[in-house]
Amino acid sequence: MATGDLVVGMVFLSQTILGILGNFSLLCHYLLFHFTGCRARCTDLILRHLTIANSLVIITKGVPQTMAAFGLKYYSQDFRCILLFFVQRVARGVSMESTCLLSVFQAITISPQNSMWAVLKGKAPRYIFPSTIVCWILNILINTIFPLSVIGKWMDANITRKTDYGYCSSVFYHKLIASLFAAWLSFSDVLALGVMLWASGSMVSILYRHKQRVRHIHTTSHSTRSSVESRATQSILVLVSTFVFFYALSSICQICLSFLNTSSRMVVNMSAFFTMCFPFLSPFVLMSYDSRVTRLSFAWRTKENSNILGHLGGSV
């Protein structure tokens with residue numbers, strides 16, 4: 001195995017293992033919040049769906065890429081490739097739209113009472129669950145055409161363009177189909193990104209005006225509530241910025257691949273790396289800004305220490 005392949009394989013392996021552990025830990029924390037009676041936020045349901053989608057992206061992208069980089073034999077049967085790419089695209093779309101929903105609902109949550117969004121504050125939480133379900137259904141419907149452009153290794157006739165990912169290949173048999181497919185997927189991505197950036201801009205503006213307004217207010221309860229909302233908003237802003245940054249890099253790689261007659265392994269690996277960066281980093285971003293995670297971990301450690309001291313005292 002070449003040194004370059006070994007390095008690439010280790011990078012993908014690290015991303016996959018740490019990403020799965022991070023998302024699994026975050027999901028466990030949200031389940032513990034639910035069962036231990038911690039105060040739930042209206043965005044927690046969206047974050048659970050985001051965590052599940054990110055985990056699916058890492059599993060369907062990271063595991064095959066790691067196997068391909070290490071030169072492990074991967075039997076690229078057509079049905080397996082179809083299922084792999086389908087789940088990957090659906091999960092990626094849900095991840096994007098969940099991030100978009102997060103930014104929109106948080107912008108509504110922190111909007112002042114005299115804003116045009118104030119009327120939606122009380123109604124917004126009721127639409128969170130239907131919105132997350134619609135995200136999954138919409139992406140399943142959008143990507144039903146995608147399996148038609150994925151093959152294993154035995155169908156090579158009448159191919160207009162073929163991109164080899166090392167474990168499967170995406171192909172198009174007609175230029176018109178390729179163009180329509182790219183336009184269809186790009187439209188939903190651009191729409192979600194536009195809404196995401198608009199909501200993020202609104203949050204930055206609201207936070208700035210709020211900071212100016214309450215600069216001379218020192219009420220403890222008001223300060224505590226503002227701090228919690230501010231941290232939640234900051235975490236979503238960092239999340240959106242992370243997503244947009246790595247999405248832009250991944251899109252540049254995809255555009256390069258679309259203009260290349262032959263697949264470049266370096267560009268394919270770079271695209272896969274950037275695609276997995278957001279699912280890999282997002283759980284750590286969310287946990288670092290969520291004070292409930294720190295409190296829960298502290299309470300858990302305190303309980304464990306008390307049990308240990310109790311056992312030691314009983315033995316003495």
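Trainee: What should I know before I start?
Mentor: This is a predicted model, in which local features need pLDDT of at least 70 and side-chain atom pairs count only at pLDDT 80 or more, while totals for chains, interfaces and linings use all residues. Residues are numbered from 1 along each chain as its sequence is written, and side-chain values use heavy atoms, with hydrogens and water left out.

Trainee: At what angle do the axes of H2 and H4 cross?
Mentor: Helices here are DSSP runs (H or I, at least four residues), numbered from the N terminus. Axes are lines fitted to C-alpha atoms over the stretch in contact, and angles run from 0 to 180 degrees between N-to-C directions. The axes of H2 (residues 44-69) and H4 (residues 128-142) cross at roughly 20 degrees and come within 9 Å. Angles under 35 degrees count as roughly parallel, over 145 as roughly antiparallel, 65 to 115 as roughly perpendicular and the rest as oblique. H2 and H4 are therefore roughly parallel to each other.

Trainee: Is the crossing of H2 and H4 left-handed or right-handed?
Mentor: A crossing is left-handed if the near helix is turned anticlockwise from the far one by less than a right angle, and right-handed if clockwise. For H2 and H4 the crossing is right-handed. Contact means heavy atoms within 4.5 Å, and here H2 brings Leu45, Ile46, His49, Ile52, Ala53 and Leu56, while H4 brings Ile128, Phe129, Thr132 and Trp136. By class, that contact has 8 nonpolar, 2 polar and no charged residues. For the classes, Ala, Val, Leu, Ile, Met, Phe, Trp, Tyr, Cys and Pro count as nonpolar, Asp, Glu, Lys and Arg as charged, and the others, Gly among them, as polar.

Trainee: How do H2 and H7 cross?
Mentor: Their axes come within 10 Å and cross at roughly 145 degrees. H2 passes H7 in a left-handed crossing. Among the residues making the contact are Leu50, Asn54 and Lys61 of H2 and Ala272, Thr275 and Phe278 of H7. By class, the contact of H2 with H7 has 11 nonpolar, 6 polar and 1 charged residues.

Trainee: How many aromatic pairs does the structure hold?
Mentor: Rings of Phe, Tyr and Trp (its six-membered ring) pair if their centres lie within 6.5 Å; planes under 30 degrees apart count as stacked, over 60 as edge-to-face and the rest as tilted. The structure holds 5 aromatic pairs. One of them, Phe243 with Tyr247, is stacked, at 5.8 Å centre to centre and 15 degrees between the planes. Both residues lie in H6 (residues 220-259), 4 residues apart, about one turn of the helix.

Trainee: Why is the pair of Phe243 and Phe278 edge-to-face?
Mentor: The ring centres of Phe243 and Phe278 are 4.9 Å apart and the planes are at 85 degrees, so the pair is edge-to-face. Phe243 lies in H6 and Phe278 in H7 (residues 265-289), so the pair ties together parts that are 35 residues apart in sequence. Phe243, Tyr247 and Phe278 form one aromatic cluster.

Trainee: Is Phe243 buried or exposed?
Mentor: Buried means under 20% relative accessible area, exposed over 50%, partly exposed in between (1.4 Å probe, protein chains only). Phe243 counts as buried at 7%, and Tyr247 counts as buried at 16%.

Trainee: And where does Ser98 lie?
Mentor: Ser98 lies in H3 (residues 78-109) and is buried, with a relative accessible area of 2%. Leaving aside neighbours within four places in sequence, Ser98 is in contact with Ile46, His49 and Leu50.

Definitions and conventions: Helix = DSSP H or I, 4+ residues; strand = E, 2+ residues; numbered from the N terminus.
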